Each structure stands twice: as C-alpha cells, then as structure tokens.
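User: Hi! I'd like to learn how to read a structure such as this one, feature by feature. Could you take me through it?

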Amino acid sequence: MAESAPILHIITPLAHVSPFDVNMAVDAGYGSIAQYSRVKLEEVRDLTQDMMFSRAPQAAPRTGLFIGGKDAALAFDMAAEAKSSIFPPFEISIFPDPAGSFTTAAAMIAKVEQALVKVRPEGLKGARVQIYGATGVVGSVAAAIAAGAGAQVTLVSHRDIAAVEEKARDIKSRFGQEVACAAAASDAEKAALVPQAEVILAAGKAGVQILSQAHLEAATQLIVAADVNAVPPAGIAGIGAHDAAAVLPHGTGIGALAIGNLKYAVQHTLLKRMCETTTPLFIDLPVVFELARTLDA
C-alpha cells in the first residue's frame, strides 16, 4: 500500500480560517488542507475522532490538527479536548497557535532571553518583567512563558486592574504560575511603574504607542524592551520594526520584525515536523518555546 499523504485540518471558532496559517501550511509541505470555521468547543471531540478513525493507524501521525482563532484560552481548551479524544493506534498530531500567538510569544521571550544573558547570566530567572497589552492574546501567552522560565512577571492593564487579574487567574489555573498585576492608564502611572522593570514587553493594539521616550528615560533598571507592533507608531518609542538591538536611554530594544522572523521560522519548522512525522506530536507551549530558543533567526 502506498504511503498516505499528510493532511492538515485547520479549525477556528471565527468566521474564517486565517490565510496566514494556510500559506504557512502550504510552504511547510502540506498539499491537502481542510478548513473548518465557527467551530465550538463541544464539537472538537467529534471532529477529532472523524480525523483519526478515517485513516490507517500508520497515517495518523501525519494527520494534523491545527487550532487557530484569536482566543488563547479557548485554543488551550480545544487542544486539551482534542488530546483527550485520541488514543492508540489512531493518535493524530495537534498544534494550537491562535492568531500565531503561541509562536509569536515564544519568539519574543526567546529573543529577550538571548539579550538578557549578555548582561545577567541567569537570563530570565528572577528578571522583573512588565507586560503591557497583557490582556491580548500575545501578551498573556508571553506572560505564561516568561513566568515558566522563572521571571517575576507583572501584567499591566491600560484600564482597570480587573482585566489583568482575570488573566492572572487563568495563568495560575493552567500553568501553576503566579504573576502580579498592575494598572497604568496614565502617563504618570506608567512613569511610576517602569523604574521597577528589567524587561518591558509591549503587546498592545497595533499602531498605538504605549511607552514614550519619557517613560524609557524613567526606566532606569531596563535591560531589554521588546515590541510586537509593526504598525507605526511603535508600541515603544525608539524601537524600529527591524531593530535587533536598538539603543534606548537604558538598555536595548527588539522590534516586531526581528521577533517575527523567528516566529515564522518556529511555525514553519513545527508545521514541517507535523507534515513529515512518523510519531504523533502534541505541540504545546513548552515545545514551542524550546524550539524558539534553539533556532537562529
């Protein structure tokens, strides 16, 4: 019997599957891609088992399930539901990456870690990290990764503190990691908060400047700042999209496209692994982050 071709099934709770993810899958080697939109959590089990039971066991690992959308918590839940639905010898491969947030957050933290170790050999361990835009899909995932690596993470809300407290409870529930919360809506509140940070991450809405030059001048303990916003103006003043080590009043800055190059390499590599594997893969956050740490991009 001829070897069964790899198939990627992409599910999303949104109205449309992301064209970005489809393009990435094709470039990773998938010739067959099935798309499912408006998928509800309670539908994941039946869909997953339709994917696994319809192919011979030896083809199961190359039957991939990619979980998209824009909600990290829902993607985690969908991935857990899919994983609990499979069993030998029909185990398919599963990869959640809603809005590219898992691979983007992993790339951001990996880039920050690479810069940190040049100044503090312990890297992220014990580093005081403030995350602005922490209620967003990238910010909250970056918080979980950084906390898991030993950082002292503070989620910063630009509104009231309740929004980030909800994210902190979710991180504690899912990963067992404690993160702090703060609110900094005004320039004065930001200026009072940033002097405590050794690392600042900006993961807010595109085209919105979160921290100004004056804020960076107040961040006297800053070692590294990173910004995932590629749309002008920068989320952090003075960091260009292509910057790998922008000179700031204190420390250095990493821009969105420098992070994006690594994010692209991570997602491409993981999709390629799923396309070619002979053993089932479950690609969770630790897997994504460990790969981001090893790739040179």
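User: Why is strand S6 (residues 152-157) described as largely enclosed by the rest of the structure?

Analyst: First, some ground rules: residues are numbered from 1 along each chain as its sequence is written, and side-chain values use heavy atoms, without hydrogens and water. This is a predicted model, where local features need pLDDT of at least 70 and side-chain atom pairs count only at pLDDT 80 or more, while totals for chains, interfaces and linings use all residues. Now to S6: five of its six residues are buried, so the strand is largely enclosed. Buried means under 20% relative accessible area, exposed over 50%, and partly exposed in between, with a 1.4 Å probe and protein chains only. Strands (E, at least two residues) and helices (H or I, at least four) are DSSP runs, numbered from the N terminus.

User: Which strands does S6 pair with, and in what sense?

Analyst: Strands of a sheet pair through backbone hydrogen bonds, either parallel or antiparallel. Two strands count as paired if DSSP finds at least two bridges between them. Here strand S5 (residues 128-132) runs parallel to S6 and is joined to S6 by five bridges, with Ile-131 opposite Leu-155. S6 also pairs in the parallel sense with strand S7 (residues 180-183), over four bridges. In S7, Cys-181 is the bridge partner of Leu-155.

User: What handedness does the crossover from S6 to S7 have?

Analyst: Picture the strands pointing away from you: a crossover is right-handed if the path from the first strand over the helix to the second runs clockwise. From S6, the chain passes through helix H6 (residues 162-175) to S7, and this β-α-β crossover is right-handed. S5, H5 and S6 also make a right-handed β-α-β unit.

User: How many residues of H5 are buried?

Analyst: Eleven of the twelve are, so H5 is mostly covered by our definition of buried. Among the buried ones are Val-137, Gly-139, Ile-145 and Ala-147. Helix H5 (residues 137-148) reaches 17 Å from its first C-alpha to its last, close to the expected 16 Å; the expected span is 1.5 Å times one less than the number of residues. Gly-150, which follows H5, has a positive phi near 100 degrees.

User: What is the strand order in the open sheet of four strands?

Analyst: The order is S2-S1-S3-S4, with parallel pairing. Strand S2 (32-36) and strand S4 (93-96) are the edge strands, each pairing on one side only. S3 (residues 63-67) is joined to S4 by four bridges, and Ile-67 stands opposite Pro-96.

User: How many salt bridges are there?

Analyst: Side chains of opposite charge can pair when their charged atoms come close. The rule used is a side-chain nitrogen of Lys or Arg within 4 Å of a carboxyl oxygen of Asp or Glu, and the count comes to eleven. One of them joins Lys-263 to Asp-97, with the closest N and O atoms 3.8 Å apart. This pair links distant parts of the chain, 166 residues apart: Lys-263 is in helix H9, and Asp-97 is in the loop between S4 and helix H4 (101-116). Lys-263 counts as buried at 7% relative accessibility, and Asp-97 is buried at 0%.

User: Where do Lys-272 and Glu-276 sit in relation to each other?

Analyst: They are four residues apart in helix H9, which means about one helical turn separates them. Lys-272 is partly exposed at 33%, whereas Glu-276 is exposed at 51%.
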